[in-house]
Amino acid sequence: MIFRIMRRVALTIPMLFIISLLSFALLYYSPGDSASIILRKKASSSVLTKEDIEEFSESKGLNKGFMSLFGKWISGIIRGDLGKSYLNDENINLKLFKYFNITIFMSTVGIFVYLFFGIIVGMYLGTKPKGIIDKIVRYWAVLASSVPVFWIALFIVWFFSVKMKMLTTIGSRNISSLFLPGFITGIIPAGNLIMIIKEKTKLVLREPFIISARAMGLRTWTIMSRHVLKNIMAPVISMIALTFPYFIGFSLIMEQVFSIKGFGFYLGNAINLKDYMIVASGIMVIGILVSFVNLIADIIYILIDRRDIYEK
């Protein structure tokens, strides 16, 4: 198992390097001059002389080639320094931590909702299929897969805020205002997990050891919590690893829908300004986080399903 973990970490490092290189290159070679875009934003004026742009570009090093800029950023990454913003010289480490906390909190709420409804409702439907709840979940899974997620989010904002006048759904005033977008992030894909858990539960309930447990007089709650839950955790772990990038990406969409100034807001402004350091650093942080979650999922999967060790 230790060898597999070391191999996975070793493969992750070049993958992160390639992702960062591609994202840096796409932004660098995209239309528009970075120095002029940033200076216009910085000076709040569209009237700039060529000398002003050249001076700004020289002072920030933006007149250097692609490999020079990328090499400067990589050398900073090795030292743990993500660099400074070209717009206002703000420390990217501090800014990313500030904005990324909001996105991570929303994603965490979404994952909790996703797992809560997926496991509880899925196990319930595994014992009582073909009911009204089963039909609702089926329709919800198809609807969530067919309709754009931002449209569903906009509909929820309109319903609760405009139609029902129950909630103020725009803006991030405090941490409580992040629960609704986090809930939406988790509940939309939960239908698919419910269906997977339902089918897995039905298969486990047909196993001989479950039949023996029932014959011994064990209560249904004991069977479900001690035996069935343990045997359905493998697909749950796999689904978390597969859908984690979705939760990060969907949280970025929710920030736009709910006008929340989180990581998506920060990264979007940086892309518009062609601020290479922020964009490359942001994508690197996401890549590290996703790789770390997948690594943890692999370890947990091995610990849950010991057969994986002997097969390999």
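Of the 312 residues of the protein, 43% count as buried. The model is predicted, with a mean pLDDT of 80. Its secondary structure comes to 13 helices and zero strands. Along the principal axes, the C-alpha trace spans about 85 × 55 × 30 Å.

**Confidence**

- A pLDDT of 70 or more is reached by 92% of the residues.
- Among the elements, helix H5 (residues 92-127) has the highest mean pLDDT, 87.
- The lowest mean among the elements, 48, belongs to helix H13 (residues 307-311).

**Overall layout**

- From the N terminus on, the elements run α-α-α-α-α-α-α-α-α-α-α-α-α.
- Take the contacts in the protein with a separation of 6 or more: residues 24 or more positions apart account for 77% of them.

**Nonpolar cores**

- The largest nonpolar core has 75 residues.
- Phe24, Ile184, Ile188, Val228, Met254 and Phe258 have the most contacts inside this core.
- Helix H10 gives the largest share of the core, 13 residues.
- Another core, of six residues, lies apart from the largest one. Among its members are Leu125, Val137, Ile194 and Met195.

**Helix H10 against H9**

- Helix H9 (residues 208-215) packs on H10 at an angle of about 180 degrees, and the axes are 11 Å apart.
- That angle makes H9 roughly antiparallel to H10, since angles over 145 degrees count as such.
- On the H9 side, the contact uses Phe209, Ile210, Ala213 and Arg214.
- These meet Ile223, His227, Val228 and Asn231 in H10.
- By class, the residues of this contact divide into five nonpolar, two polar and one charged.
- Val228 takes part in the contact with H9, and Val228 is also listed among the residues with the most contacts inside the largest core.

**Helix H10 against H11**

- Helix H10 (residues 220-257) and helix H11 (residues 263-273) pack at about 85 degrees, with their axes 8 Å apart.
- H10 and H11 are therefore roughly perpendicular to each other; the range for that class is 65 to 115 degrees.
- H10 contributes Leu252, Glu255 and Gln256 to the contact.
- H11 contributes Phe263, Gly264 and Phe265.
- The residues of the contact divide into three nonpolar, two polar and one charged.

- Val236 is found in helix H10. Its relative accessibility is 1%, so Val236 counts as buried.
- Leaving out residues up to four places away in sequence, Val236 touches Leu115, Ile119 and Ile197.
- Val236 and Ile119 are 117 residues apart along the chain, yet their C-alpha atoms are separated by 8.2 Å.
- Thr201 lies in helix H8 (residues 179-205). Thr201 is buried, with a relative accessible area of 0%.
- Beyond four places in sequence, Thr201 touches Gly122, Met123, Gly126, Met224, Val228 and Ile232.

**The loop between H11 and H12**

- Lys274 is found in the loop between H11 and helix H12 (276-304). Asp275 has its place in the loop between H11 and H12 too.
- Phi of Lys274 is near 55 degrees, a positive value in a residue other than glycine.
- Lys274 counts as buried at 3% relative accessibility, because the cut-off for buried is under 20%.
- Asp275 is buried as well, with a relative accessible area of 2%.
- Asp275 touches Leu27, Ser85, Tyr86, Leu87 and Ala270, not counting residues up to four places away in sequence.

**Helix H12**

- Ile302 is in helix H12. At 4% relative accessibility, Ile302 counts as buried.
- The C-alpha atoms of Ile302 and Trp158 are separated by 45 Å. Along the chain, Ile302 and Trp158 are 144 residues apart.

Methods
Residues are numbered from 1 along each chain as its sequence is written. This is a predicted model: local features need pLDDT of at least 70, side-chain atom pairs count only at pLDDT 80 or more; totals for chains, interfaces and linings use all residues. Side-chain values use heavy atoms; hydrogens and water are left out. pLDDT is the predictor's confidence in each residue, from 0 to 100. Helices (H or I, at least four residues) and strands (E, at least two) are DSSP runs, numbered from the N terminus. Axes are lines fitted to C-alpha atoms, for helices over the stretch in contact, and angles run from 0 to 180 degrees between N-to-C directions. Angles under 35 degrees count as roughly parallel, over 145 as roughly antiparallel, 65 to 115 as roughly perpendicular and the rest as oblique. Contact means heavy atoms within 4.5 Å. Ala, Val, Leu, Ile, Met, Phe, Trp, Tyr, Cys and Pro count as nonpolar, Asp, Glu, Lys and Arg as charged, and the others, Gly among them, as polar. Buried means under 20% relative accessible area, exposed over 50%, partly exposed in between (1.4 Å probe, protein chains only). A nonpolar core is a set of buried Ala, Val, Leu, Ile, Met, Phe, Trp, Tyr and Cys residues joined through side-chain atoms within 4.5 Å.
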